[in-house]
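Here is a short report on a single protein chain.

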Amino acid sequence: MKLKLKIKLLLALLVCITATQAQTNIYQFKRQITGVNANWHKIKVPDDLYQKVNAGFEDLRIFGIQGKDTLEVPYILKQRAEQVISTKVDFKPINESETREGFYYTFQLNSAAVINQITLSFKETNFNWLATLEGSNNNTDWFTVLKDYRILSIKKNQTDYQFTKLSFPNSKYQYYRLMIKSPEKPSLLEALINKTDTIKGVYADIKYQFYELKNDAKNKQTVIDVGLKNAVPISFVQINAQSDFDFYRPIRIEYATDSFKTEKGIQYNFATIYDGTISSLEKPEFKFSNVVTNRLKITIENNDNKPLRLSGLQLKGNIYELIARFDDLNANYALYYGKKDAVSPNYEIEKFENKIPLNLTNVDVGEEQKNPSYAVKTEKPLFENKLWLWSLMVVIIGLLGFFSFRMLKN
């Protein structure tokens, strides 16, 4: 009787272990999660996890083991990226005039509003002018907002560059007067007045492992190869560029999507993430959507100009966080990943994000380890299956016998 009871308990334990592993055994890697002491926590995605997880994070899961139960923890993946909110401000042009100093354009806002940006559009495609912006509340007394602000447009050969956006600190006037110093009257096609607010993202500084600069005189290019230790998210590049004169040059930033071996060593396939202009008129900062990579290639087209003096660069990436809800504080939790054909989870908490507490504490994520319950189901080819071979031989012999009997009978 005691033996039967022991066997039943053993079978029950095996069933529990099998049921527990059934949900977790399809993921190659796991990391222990410690410090769970509340229902809601933040989890910073470790830097060395990005190279193993799928590009879209479809295979990322949090499981908790409590006795014989396996609990799946719902989460929201947050990318702490910078957000730019631009609000259009209505106005009407009320006056155009000229003096020896330049040409004036006056705008009246339809209602009192704070602005910090005016974008101009001209019929001319090649110009280099200085602009001054003034503000007034009575159209009589004027106060300087911007002075001798350079605006520029160049369109020739392979160059198509414009810098016609006036950016300034928050300003609140009823009237604005724009003065442009030009030998001939500019053809102003459009002016857009905006109030732009920037919600700063959370960036992590990225250290590169190597930085190789090559000035290619034949192709008239400067090429920078940057290598990282691990594949991590990158969304910001700042280049330390100097020159004795003003400059504007096409720039292209690419990231490695994959690599392959050749006789000449490892080669990379690249995809473009930024295509624009590096200029002395603007900060040499380039922002784009997060990409996960361990290698960058930056190409500056010098044309017939002397190469710029470049002295390193700065890299940053927006961090990813998981906002997770832990229903059982006594369970043993771990982060699982490593499944190529995974489908993104669909959790209800995404619809009720406004009810999540604001001040959340972080939990600790351990080092990566291979998931001991991971199992890959491999099916042998049919020709390695003895039963299938014997069945095939029986069918062939049967068919040969049948047709031989018919021939003998005829």
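E124 sits in the loop that links β9 (115–122) to β10 (127–136). The model is a predicted one. E124 has a relative accessible area of 22%. That value is not under 20% and not over 50%, so E124 counts as partly exposed rather than buried. Beyond four places in sequence, E124 is in contact with W129, S153, K185, P186 and S187.

D327 belongs to the loop between β23 (320–325) and β24 (332–337). Its relative accessible area is 55%. The cut-off for exposed is over 50%, so D327 counts as exposed. Which residues does D327 contact, leaving aside neighbours within four places in sequence? They are N39 and Y333. A38 is 289 residues away from D327 in sequence. In space, the C-alpha atoms of D327 and A38 are 8.7 Å apart.

Two loop residues other than glycine carry a positive phi. For K220, phi is near 55°. For N303, phi is about 55°. K220 lies between β17 (210–216) and β18 (221–242). N303 lies between β21 (285–301) and β22 (309–318). How accessible is K220, in relative terms? The value is 39%, so K220 counts as partly exposed. N303 has a relative accessibility of 35% and therefore also counts as partly exposed.

N346 is in the loop between β24 and β25 (364–365). Its relative accessible area is 66%, so N346 is exposed. N346 and K172 are 174 residues apart in sequence. Their C-alpha atoms are 46 Å apart in space.

L408 is part of helix α2, which covers residues 386–409. Is L408 buried or exposed? With a relative accessible area of 75%, L408 is exposed. Y336 is 72 residues from L408 along the chain. From C-alpha to C-alpha, L408 and Y336 are 67 Å apart.

The table collects the C-alpha pairs.

| Pair | Separation in sequence | C-alpha distance |
|---|---|---|
| D327 and A38 | 289 residues | 8.7 Å |
| N346 and K172 | 174 residues | 46 Å |
| L408 and Y336 | 72 residues | 67 Å |

**The chain as a whole**

The protein has 2 helices and 26 strands. Its C-alpha trace spans about 110 × 65 × 50 Å along the principal axes. What is the radius of gyration of the protein? It is 33 Å, whereas a compact globule of 410 residues would have a value near 22 Å.

Of the 410 residues, 37% count as buried. The accessible surface comes to about 25,900 Å². Carbon and sulfur atoms account for 51% of that surface.

Contacts also reach along the chain. Among those between residues at least 6 apart in sequence, 78% join residues at least 24 apart. The protein carries 55 positive and 45 negative charges. The mean positions of these two sets are 7 Å apart.

**Confidence**

The average pLDDT of the protein is 87. A score of at least 70 is reached by 91% of the residues. Over residues 1–22, the pLDDT is below 50. Beyond near neighbours in sequence, that stretch has 6 contacts in the model. Where pLDDT is low, predicted coordinates should not be read in detail.

Notes:
Residues are numbered from 1 along each chain as its sequence is written. This is a predicted model: local features need pLDDT of at least 70, side-chain atom pairs count only at pLDDT 80 or more; totals for chains, interfaces and linings use all residues. Side-chain values use heavy atoms; hydrogens and water are left out. pLDDT is the predictor's confidence in each residue, from 0 to 100. Contact means heavy atoms within 4.5 Å. Helices (H or I, at least four residues) and strands (E, at least two) are DSSP runs, numbered from the N terminus. The radius of gyration is taken over C-alpha atoms; the globule rule is 2.2 Å times the number of residues to the power 0.38. Buried means under 20% relative accessible area, exposed over 50%, partly exposed in between (1.4 Å probe, protein chains only). Accessible areas come from the Shrake-Rupley method with a 1.4 Å probe; for residues, only the protein chains shown count as cover. Lys and Arg count as positive and Asp and Glu as negative; His and the chain ends are not counted. The place of a charge is taken as NZ of Lys, CZ of Arg, CG of Asp or CD of Glu.
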